[in-house]
Amino acid sequence: MPGTCAAGRVDAAGPTDPVPVGPGVDDWRPRDIDLAGLITDLQSRGVRFEAGSDSVETRRGGAGPSDSGMLWIEGVPVTLPAGGAATTPYVLRREDDGLAVYAEGRRMASASSGGRPRYYDLTTADGVPYWQIALLHLDSLASTVLQTCAYWGNDDQCQFCGIGLSLSAGRTTAKKRPEQLAEVAVAAKELDGAVDATLTTGSTYGRDRGALYVAQCGQAVKEAAGLPVEVQFEPPVDLDVINRVRDHGIDSVGIHVETFDPAVLARIAPAKARTGIEGYFEAWERAVSLFGAGQVSTYVILGMGEDPALTVAGCKRAVDMGVYPFIVPLRPIAGSLMEDCLPPDAGYTESIYRQVVPYLLARGLSTAGVAAGCARCQACSAMATVERSITLTATHR
Ligand code: SF4
């Protein structure tokens with residue numbers, strides 16, 4: 001089943017105005033752009049690693065949108081399309097005292113890489129390398145606790161997802177046990193300074209869709225390492241499951257609708273479409289009542305052919321109920337059904353950020369208020385950098 005990219009979108013109403021897809025190269029010139037603009041552009045175009053800079057940690061495969069190089073740019077955590085497209089103007093270059101991003105010979109920003117985490121050299125008593133149990137994404141410990149999904153390999157597979165790829169490549173294990181995750185979390189905190197844990201899971205056929213197992217894993221991590229924990233799962237059939245997730249002491253939850261455009265959801269993630277966007281709002285309402293405003297988030301992926309107006313309206317409705325819409329550009333994963341697609345144009349992505357972030361701030365939601373997880377880390381989006389630029393501008397007025 002081939003994936004369908006944004007440019008190919010045709011729905012019942014006929015061809016829609018295309019979302020700008022794929023960064024152009026001919027018109028690109030180095031220019032003065034602010035940090036939010038630079039990060040947005042880097043996440044659209046990618047960066048090539050020059051010799052000497054290729055020790056940057058990368059993540060391949062995994063649940064949801066992934067395939068990343070991980071860097072700090074001007075001190076801001078950022079994930080980028082791994083390896084970078086051949087056409088990108090950006091290169092990561094080694095300097096005497098670190099790394100820097102260059103474009104056509106011009107230095108754009110300083111960069112640094114955390115290097116290989118020290119806990120990656122450890123193994124469990126039964127011989128499993130720690131890095132196969134959980135990876136360090138900059139300063140967040142991350143694991144897909146069930147590396148299988150009820151939808152993988154059939155017509156329901158989410159087109160952007162790569163959950164089965166790292167498993168089939170032998171880079172991870174199918175099921176991580178709570179005690180294994182606890183052991184790794186202690187090491188990641190003590191040796192490498194992990195500040196939180198982000199645990200996700202493939203969906204199961206059960207009525208909880210895997211939520212209770214990932215919550216059990218989260219509780220083990222929290223009790224052993226004392227880290228705040230986000231767990232991510234699909235809306236359970238029985239919403240009371242979310243109460244039980246809270247009973248495990250979890251700090252934040254991610255329940256990911258992926259897009260607010262129902263036509264795109266049906267095309268890209270058919271199983272999620274059966275839950276329906278209203279089904280997500282019902283799950284979020286329950287979750288916010290238990291975890292509090294700002295501790296419930298959803299991924300919103302840009303660049304899949306979505307209607308921008310529906311996207312912004314959906315994000316604002318989510319914000320109104322206390323949900324943090326974590327907006328990210330599509331990052332096509334090699335081997336996924338969307339591997340031939342391109343990330344969206346940076347101008348489009350930034351325009352969505354700049355409509356939603358002020359709305360978040362006006363309603364008292366901020367990345368600083370998120371206890372754990374993707375919306376706390378922010379490395380896959382430039383939302384936090386946009387937030388900082390808005391806050392700074394307001395302060396200096
Ligand atoms: S529900 Fe979709 S995104 Fe999540 S693991 Fe399954 S296929 Fe991947």
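Visitor: Which residue in S15 is the bridge partner of Gly-254?

Guide: The partner is Ser-297. The model is predicted: local features need pLDDT of at least 70, side-chain atom pairs count only at pLDDT 80 or more, and totals for chains, interfaces and linings use all residues. Residues are numbered from 1 along each chain as its sequence is written.

Visitor: Why are strand S14 and strand S15 said to pair?

Guide: Two strands pair if DSSP finds at least two bridges between them. Strand S14 (residues 252-254) and strand S15 (residues 296-302) have two bridges, in the parallel sense, so they meet the definition of a pair.

Visitor: What makes S10 and S16 edge strands?

Guide: The open sheet has seven strands in the order S10-S11-S12-S13-S14-S15-S16, with mixed pairing. Strand S10 (135-137) and strand S16 (323-329) each pair on one side only.

Visitor: Which strands does helix H10 touch?

Guide: Helix H10 (residues 346-362) packs on the sheet and touches S15 and S16. Contact requires C-beta atoms, placed from the backbone, within 7 Å. The direction of H10 makes about 165 degrees with that of S16; axes are lines fitted to C-alpha atoms, for helices over the stretch in contact, and angles run from 0 to 180 degrees between N-to-C directions.

Visitor: How many helices and strands does the protein chain have?

Guide: The chain has 12 helices and 16 strands. These are DSSP runs, numbered from the N terminus: helices are H or I, at least four residues, and strands are E, at least two.

How values were computed
Contact = placed C-beta atoms within 7 Å.
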